[in-house]
Amino acid sequence: MAFAPVGPEASFFAAVDQHRASLLAALRGGGAERAGGGPRPASRFEDSVGLQMVSHCTTRKIKSDSPKSVKNFALILKILSMIYKLVQSNTYTTKRDIYYTDSQLFGNQTVVDSIVTDVSCMLKVPRRSLHILSTSKGLIAGNLRYIEEDGTKVYCSCTTAVAVSSNIQGIWNLITDAKFLLIVEKDATFQRLLDDNFCSRMSPCVIVTGKGVPDLNTRLLVKKLWDVFHVPIFTLVDADPHGIEIMCIYKYGSMSMSFEAHNLTVPAIRWLGLLPSDIKRLNIPKDALIPLTKRDQMKLDSILKRPYVTCQPFWRREMEIMADSKMKAEIQALTFLSSDYLSRVYLPNKLKFGGWI
């Protein structure tokens, strides 16, 4: 199957192809990145899956006869009743729609969000099995086609972004010849890559953004593309603690969704950029750098203590470089070198010469 447009010569992707071959070999051999670390209060780290909820985690009881929890108990029963009707009628809704069925009763959206997560965790089923969908904020572009559950055919292109489906479980007949998938942290960077025709020049490829901290559907889509095609997946994030945190969510998951780690995490993801070591290597001007705040330093220290960093010595080294320099940089800092340096020099060279960790 062929997509248009045509990108670089096949030899350009030699390093990417070699990386994919090693990933496939690891899958066939049941291999995974090894890690140390022990149990955490609510989750544990398993190198082949990510952060998972432990069976002996702390639980809480909600009683109908307790003045402190009677309202929460009633709200849970109301939402369970709605879930039952959705499953019985094989229809779907969103958390936002649930909130607006009785906004005065629920008070605010976070109450509904918390209860839905608790019910999903309590029943040990994915949220979509409750027939409750999340509103998608992510975007996708590149060499990909698929069919929605209702039969709608979706043709992603290299020039225009398509909204990530709100029902990832329902999409089928996925088709791509992409050499790689690039996760872009920020929407502004994603749009700039489209404007610079990065997708067309690096075709065949797929790029996706969760517009910051990824929503559930964007994570499900990335996981689905990995499970179906096993193409190399790279991340492009700011060289700051927040960007690293977002990358870790895609790769290893989060504490709040640890009970659904098997459906969300992709430990095979690699860090393509922006690396803290790239700042010095590329002689990015100091004027383009930003001092780490106390909050940044606390976040960085927290990440360095996480169990999965043990199995990522190259990641640790990059974070130590950031900590020592006490400086961070956004992806936009590359524009100080040239306006299109990211799309025409930085990323192509990284992909061609295997500049990921």
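Trainee: Which residues have the most contacts inside the largest nonpolar core?
Mentor: Keep in mind that this is a predicted model. Its largest nonpolar core has 38 residues. Those with the most contacts inside this core are Phe-180 and Leu-182.

Trainee: Which element gives the most to this core?
Mentor: Several elements give two or more residues to the core, including α1 (14-28), β5 (139-142), β10 (181-184) and β12. Another of them is α14 (341-353). With 5 residues, the element that gives the most is α14.

Trainee: How many residues does the second, separate core have?
Mentor: Tyr-146, Val-164, Ala-178 and Val-266 are among its members. The size of this second core is 30 residues.

Trainee: Which strands stand at the edges of the open sheet of 6 strands?
Mentor: The order in this sheet is β8-β5-β11-β10-β12-β13, and the pairing is mixed. Two strands have a single partner strand each, so one side of each is left without a neighbour in the sheet. These edge strands are β8 (162-163) and β13 (270-273).

Trainee: What is the bridge partner of Phe-234 in β13?
Mentor: Strand β12 (residues 233-236) runs parallel to β13, and 3 bridges join them. In β13, the partner of Phe-234 is Arg-270.

Methods
Residues are numbered from 1 along each chain as its sequence is written. This is a predicted model: local features need pLDDT of at least 70, side-chain atom pairs count only at pLDDT 80 or more; totals for chains, interfaces and linings use all residues. Side-chain values use heavy atoms; hydrogens and water are left out. Two strands pair if DSSP finds at least two bridges between them. Helices (H or I, at least four residues) and strands (E, at least two) are DSSP runs, numbered from the N terminus. A nonpolar core is a set of buried Ala, Val, Leu, Ile, Met, Phe, Trp, Tyr and Cys residues joined through side-chain atoms within 4.5 Å. Buried means under 20% relative accessible area, exposed over 50%, partly exposed in between (1.4 Å probe, protein chains only).
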